[in-house]
Amino acid sequence: MNVSIQFLGAAQSVTGSKHLLHFDDFQVLMDCGLFQGMKKLRQRNWDKFPMDVSEVEALVISHSHIDHIGYLPKLVKEGFDGPIYCTAATADLARIMLLDSAKLQEEEAEWASKKGYSKHKPPKPLYTVEDAENTFRLFQPYDFDEDIYLTDNIRLKFHNAGHILGAAWVELNVRGQSQQKTLIFSGDLGRYNQPVLRDPVSMTQTDVLLVESTYGDRENLSEDPTEEFAEVVNEAMERGGCLLIPAFAVGRTQTVMYYLKTLMEAGKIPEVPVYLDSPMAINVTQLYKRHFTYHKLRDQDLKYSESIFDYEFFNYYRSVPASQSINEIRKNAIIVSSSGMCTGGRVLHHLVRRLDRPEDTILFVGYQAKGTRGRRILDQEETIRIFGQNVPLKMQVRRIDGLSAHADKSELLRWADTLKEHPKRTFLVHGEVDSAEAMKQSLLDAGWINVHIPDYQEVHTLFEGI
């Protein structure tokens with residue numbers, strides 16, 4: 001058997017995760033994400049898939065963030081009809097995420113048509129809600145550590161990656177006529193010693209490793225961001241405005257809510273209303289109660305008997321009128337809304353009304369990819385373009401790295417070091433060039449060999465004649 005890989009996304013970039021494996025004439029796509037951020041990346045979402053999608057036999061999904069699953073409806077729309085393997089929590093989350101993604105794309109196309117700022121005539125979404133719904137019949141959910149046979153010779157296992165609810169690193173074992181080989185794909189790795197999710201599970205052995213490098217050039221992210229978080233909240237309240245926190249609906253929002261409740265109960269920040277303005281995040285929060293084995297949160301582990309998500313200062317807003325009412329609140333409130341990189345969703349409507357208010361503060365609690373609106377705000381550009389208009393940026397801009405769901409450099413190396421011996425080949429994915437290069441140098445300094453940073457659409461032969 002000959003095995004090769006083609007990198008169709010997250011190669012010298014963070015988003016658009018797609019890694020196509022060829023096992024002779026059996027094709028498996030690991031992850032199926034949307035490109036986000038810079039325009040030249042986003043345009044790839046509209047490119048023709050490099051092969052007949054009906055020839056892809058199976059999909060393997062590491063976790064449910066849109067840059068890992070957001071291309072699924074388009075692939076199904078174009079003819080993919082095979083199984084989509086993932087964990088049970090990922091399957092449930094994917095339903096929420098993909099319906100929301102499709103709805104946002106339909107709304108964006110409608111808005112662009114109304115305002116006339118699209119180059120496409122007429123503007124069309126990449127896919128529709130109906131397209132998203134057509135993907136759900138293909139999901140095949142499994143538990144962590146369960147043997148899954150894609151064929152008689154290809155075995156799949158999911159292991160806890162600690163990134164978001166249900167996130168996994170992927171182990172593929174390939175049995176040829178004379179040899180067995182192992183390939184591991186990290187997906188996105190979470191951090192160690194976090195309050196909500198469990199630590200990433202260690203590896204033992206692999207011949208080929210695909211490992212993310214999002215924070216491959218950054219070390220010493222705060223292990224306990226409590227004090228820094230309290231400082232930002234108190235500063236924002238003392239300024240006499242509101243605190244806006246763009247947060248990913250999956251994972252980051254729930255961690256933010258955990259810290260806010262903990263800090264309020266400890267008297268470290270004032271007890272002010274917290275508005276969770278994201279129907280998707282509210283739906284995701286409910287899944288934490290369903291998939292209780294996937295995380296550390298237990299009612300009996302908490303100071304009080306109620307769930308952390310049931311708290312008197314937390315307000316959950318689903319309807320559009322309720323969301324719009326938040327615009328009238330001018331001070332002493334915390335607004336948590338998605339999306340985390342400010343690429344879409346209700347957070348954009350809050351930004352339009354608050355970006356030019358110097359008394360308000362925006363707090364970033366996650367990675368901001370190049371080219372995203374969140375990155376431009378973080379870089380404090382003079383104006384931010386939203387809904388076809390340039391809005392002056394006068395808000396206070398803050399960032400806390402310790403709340404990131406991504407492992408930092410030392411944690412990535414810690415996980416890589418769990419291998420009993422170095423892989424024969426390593427590919428650094430899911431990282432911008434500078435971070436991937438820093439990660440590569442760290443691995444080479446540690447004695448690793450054959451460490452490569454693949455480019456977009458690059459093809460590599462992994463095994464021959466096994």
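Reader: Hi! Which strand does Ile84 lie in?
Author: Ile84 belongs to strand E5, which covers residues 84-87. Strands (E, at least two residues) and helices (H or I, at least four) are DSSP runs, numbered from the N terminus. Keep in mind that this is a predicted model, where local features need pLDDT of at least 70, side-chain atom pairs count only at pLDDT 80 or more, and totals for chains, interfaces and linings use all residues. Residues are numbered from 1 along each chain as its sequence is written, and side-chain values use heavy atoms, with hydrogens and water left out.

Reader: Thanks! Is Ile84 buried or exposed?
Author: Ile84 counts as buried, at 0% relative accessibility. Buried means under 20% relative accessible area, exposed means over 50%, and partly exposed is in between (1.4 Å probe, protein chains only).

Reader: And what is Ile84 in contact with?
Author: Leaving aside neighbours within four places in sequence, Ile84 is in contact with Leu59, Ile61, Leu72, Thr135, Leu138, Phe139 and Gln140. Contact means heavy atoms within 4.5 Å. There is also Ala58: it is 26 residues from Ile84 in sequence, and their C-alpha atoms are 6.2 Å apart in space.

Reader: OK, zooming out. How many helices and strands does the chain have?
Author: The chain has 13 helices and 22 strands.

Reader: How does the radius of gyration fit a compact globule?
Author: It agrees, because a compact globule of 466 residues would have a radius of gyration near 23 Å and the chain has 22 Å. That radius is taken over C-alpha atoms, and the globule rule is 2.2 Å times the number of residues to the power 0.38. Along the principal axes, the C-alpha atoms fill a box of roughly 70 × 55 × 40 Å.

Reader: What share of the residues is buried?
Author: Of the 466 residues, 59% count as buried. As for contacts between residues at least 6 apart in sequence, 74% of them join residues at least 24 apart.

Reader: Let's switch to charges. How many positive and negative side chains are there?
Author: There are 53 positive and 65 negative side chains, and the centres of the two sets lie 5 Å apart. Lys and Arg count as positive, Asp and Glu as negative, while His and the chain ends are not counted. The place of a charge is NZ of Lys, CZ of Arg, CG of Asp or CD of Glu.

Reader: How many disulfides are there?
Author: The count comes to 0 disulfides, a disulfide being a pair of cysteine sulfur atoms within 2.5 Å. Cys242 is in no disulfide, and the nearest cysteine sulfur, that of Cys342, is 16 Å away. Cys242 is buried, with a relative accessible area of 2%. Cys342 is buried as well, at 0% relative accessibility.

Reader: Where is the residue Gln12, and what is its phi?
Author: Gln12 sits in the loop between strand E1 (3-7) and strand E2 (19-23). Its phi is near 60°, a positive value in a residue other than glycine. Gln12 counts as partly exposed, at 30% relative accessibility.

Reader: What about Phe387, buried or exposed?
Author: Phe387 counts as buried, at 18% relative accessibility. This residue is in the loop between strand E17 (383-386) and strand E18 (389-392), and it has a positive phi of about 50° although it is not a glycine.

Reader: Last one: what is the peptide bond from Ser338 to Ser339 like?
Author: That bond is cis, with omega near 20°. Ser339 is placed in the loop between strand E15 (333-337) and helix H10 (347-354).
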